Every structure is written in C-alpha cells, then in structure tokens.
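Hi,

Here is the structure I promised to pass on. Have a look at it first, and my notes follow below.

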Amino acid sequence: MGLLDKFFAKYDDAKLVRQVELALVEDPRLKNVGDINVVSENGVIQLIGHVPQGATKDRAETIAVQSVSAIGLKYDHVENRLEIVK
C-alpha cells in the first residue's frame, strides 16, 4: 500500500474486529487457551491479552490476517501484543 493509499484509506474497524473475533473463537486450536482481545483503529488490528505459549500467539496472528484477507477486508497491519504467561 502506497503513501497516498494509506492517507486516503477508509477502514471499517468495527467489521475488522468482528471478523477477527469470530475467526479466533472458531479456531479449534485457540479455544480456551487464553485471554485474547481484538481492537482496531484506522485499520491497525491489535491482538491484546495473555496466552500460554508462543505457538498460540503466532497462531492468533495468523488467524487474524487470514480472516480479514479471505473476505477482502481492507486493513493496514496486525500488531501482535499478546503476552506469554505460564
């Protein structure tokens, strides 16, 4: 995405959050594995919370990207702020 595209981009943050939350809940590898909250502002999707291991953190980010890309939702990027807590 070029500089002008980012400047004029309009994102549906509420739809981004709903799509990612739904995908995270539906993924069998992420059920009951931690506390993952999704926030989006100006197309930047943030994953915030606590998970038990690095693989879970990585999986959540992968699911977030795939879920919005699969249906063509426009977003800027995903920030994975999940913390690993054992």
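To start with something you can check on screen: which residues are exposed on the other side of H2? They are Arg18, Val25 and Glu26, where exposed means over 50% relative accessible area, buried under 20%, and partly exposed in between, with a 1.4 Å probe and protein chains only.

Before you read on, please keep in mind that this is a predicted model, in which local features need pLDDT of at least 70, side-chain atom pairs count only at pLDDT 80 or more, and totals for chains, interfaces and linings use all residues. Residues are numbered from 1 along each chain as its sequence is written, and side-chain values use heavy atoms, with hydrogens and water left out.

The overall picture
The chain has 3 helices and 3 strands, arranged along the sequence as α-α-β-β-α-β. Helices (H or I, at least four residues) and strands (E, at least two) are DSSP runs, numbered from the N terminus. Of the 86 residues, 34% count as buried. Among contacts with a separation of 6 or more, 65% join residues 24 or more positions apart; a contact means heavy atoms within 4.5 Å.

Helix H2
H2 covers residues 13-26, 14 residues in total. From its first C-alpha to its last it reaches 20 Å, close to the 20 Å expected at 1.5 Å a residue (the expected span is 1.5 Å times one less than the number of residues). Its buried residues are Asp13, Leu16, Val17, Val20, Ala23 and Leu24. These lie on the same side of H2 because they cover an arc of only 140 degrees around the axis, taken from the directions from the helix axis to the C-beta atoms. The buried residues of H2 pack against strand S1 (35-41), strand S2 (44-51) and helix H3 (54-70).

Leu16 and its surroundings
Leu16, in helix H2, counts as buried because its relative accessibility is 0%. Leaving aside residues up to four places away in sequence, Leu16 touches Tyr11, Ser40, Gly43, Ile45, Val68, Leu73, Lys74 and Tyr75. One of these, Leu73, is 57 residues from Leu16 in sequence, yet their C-alpha atoms are 7.2 Å apart in space.

Two of the other residues that Leu16 touches, Tyr11 and Lys74, also pair up: Lys74 lies over the face of Tyr11, at 5.9 Å from the ring centre. For a charge to sit over a ring, NZ of Lys or CZ of Arg must be within 6 Å of the ring centre and within 35 degrees of the ring normal.

Best wishes
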